[in-house]
Amino acid sequence: MAKTVTAPPRQHREPGEVFGAGFTMFADMLLMGLLTTLACLPVVTAPAAFAAASGTLRQAAESGAPADLGGFVRRLRARTTVRSLAAGLLLPLVAVVVLVDAALLRSDLPGAAVVAPALVLLTLGGAVVALRSTALPESSQLSLRTGLLRTLDDARGSALLLAAVVLAGLLMWSTPLLLPLLPGPLAFAATAVDLRGPGTDG
């Protein structure tokens with residue numbers, strides 16, 4: 001894996017920067033959340049949208065420059081391929097399977113006490129693999145296989161990302177109005193985990 005060089009955090013404010021570099025990254029994350037939500041509306045574009053958000057946040061972290069709409073759109077176009085659209089088709093199918101299984105669990109079928117936790121773990125694990133698949137460097141193609149390998153190779157990072165997914169789920173359940181912003185923190189978490197994973201520095 002190529003060595004990642006991360007720019008050191010800025011200790012001063014740029015001209016016109018009111019809140020400092022830390023708040024700029026927070027604002028970038030929220031902006032990416034809104035843009036990713038809009039880009040995910042066709043559903044099949046979700047993998048490309050998360051990959052574009054991750055790539056934009058990665059560039060912002062490495063260069064210290066704020067994320068911008070132009071960079072997101074450029075990466076979204078580059079990531080919208082036949083492979084990513086095909087992966088996006090899996091999302092409705094997975095959602096239908098989860099809803100059907102959840103409905104069957106509520107019907108008091110034998111073994112529901114075992115199947116329910118397994119279904120939750122499978123869903124969370126799938127979310128982690130999907131996020132790691134979209135947080136790849138721009139030189140890599142989107143690949144569920146690569147995401148799965150990175151999930152298994154970096155158990156600690158995957159556990160951190162799992163915690164982020166659970167937290168996002170709790171926030172969505174408790175405060176549905178936050179839903180349009182949640183893709184940003186998830187893309188940020190996946191990017192941060194990938195940057196600190198095996199074979200990377202910074």
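The structure is a predicted model, in which local features need pLDDT of at least 70 and side-chain atom pairs count only at pLDDT 80 or more, while totals for chains, interfaces and linings use all residues. Residues are numbered from 1 along each chain as its sequence is written, and side-chain values use heavy atoms, with hydrogens and water left out.

The protein chain holds eight helices and zero strands, giving the order α-α-α-α-α-α-α-α from the N terminus on. Helices (H or I, at least four residues) and strands (E, at least two) are DSSP runs, numbered from the N terminus. Of the 202 residues of the chain, 35% count as buried; here buried means under 20% relative accessible area, exposed means over 50%, and partly exposed lies in between (1.4 Å probe, protein chains only). Contact means heavy atoms within 4.5 Å. Among contacts between residues at least 6 apart in sequence, 70% join residues at least 24 apart.

V43 is found in the loop between helix 1 (21-39) and helix 2. Most residues other than glycine have a negative phi. In V43, however, phi is positive, near 70°. This residue counts as partly exposed, at 36% relative accessibility. T45 lies in the loop between helix 1 and helix 2 too, but T45 counts as buried, with 15% relative accessibility. A polar atom of the T45 side chain lies 2.4 Å from the backbone oxygen of A39. With neighbours within four places in sequence left aside, the contacts of T45 are A39, C40 and L85.

Two packed helices are described by the angle between their axes and the distance between the axes. Axes are lines fitted to C-alpha atoms, for helices over the stretch in contact, and angles run from 0 to 180 degrees between N-to-C directions. Angles under 35 degrees count as roughly parallel, over 145 as roughly antiparallel, 65 to 115 as roughly perpendicular and the rest as oblique.

Helix 2 (residues 46-63) and helix 4 (residues 82-105) have axes that come within 7 Å and cross at roughly 115°, which means that helix 2 is roughly perpendicular to helix 4. On the helix 2 side, A46, P47 and A48 take part, meeting S84, A87, G88 and L91 of helix 4. The residues of this contact comprise five nonpolar, two polar and no charged. In this grouping, Ala, Val, Leu, Ile, Met, Phe, Trp, Tyr, Cys and Pro count as nonpolar, Asp, Glu, Lys and Arg as charged, and the others, Gly among them, as polar.

With helix 3 (residues 69-79), the axis of helix 2 comes within 8 Å and crosses at roughly 135°, and the two are therefore oblique to each other. Their crossing is right-handed; a crossing is left-handed if the near helix is turned anticlockwise from the far one by less than a right angle, and right-handed if clockwise. Helix 2 contributes A48, A49, A51, A52, A53, G55, T56 and Q59, and helix 3 contributes G71, F72, R75, L76 and R79. By class, these are seven nonpolar, four polar and two charged residues.

Helix 8 (residues 183-195) is another partner, packing on helix 2 at an angle of about 60° with the axes 9 Å apart. That makes helix 2 oblique to helix 8, and the crossing of the two is right-handed. From helix 2, F50, A53, S54, L57, R58, A61 and E62 meet P183, G184, L186, A187, F188, T191, D194 and L195 of helix 8. Nine nonpolar, three polar and three charged residues make up this contact.

L57 of helix 2 is buried, with a relative accessible area of 2%. Although L57 and F188 are 131 residues apart along the chain, their C-alpha atoms are separated by 6.7 Å. Beyond its neighbours within four places in sequence, L57 is in contact with M25, D28, M29, M32, G184, A187 and F188. T191, in helix 8, is buried as well, at a relative accessible area of 3%. Its side chain makes a polar contact (a pair of N or O atoms within 3.5 Å; within protein, one must be able to donate a hydrogen and the other to accept it, and residues adjacent in sequence count only if both atoms are side-chain atoms) with the side chain of S54, at 2.7 Å. Not counting residues up to four places away in sequence, T191 touches S54, R58 and A135.
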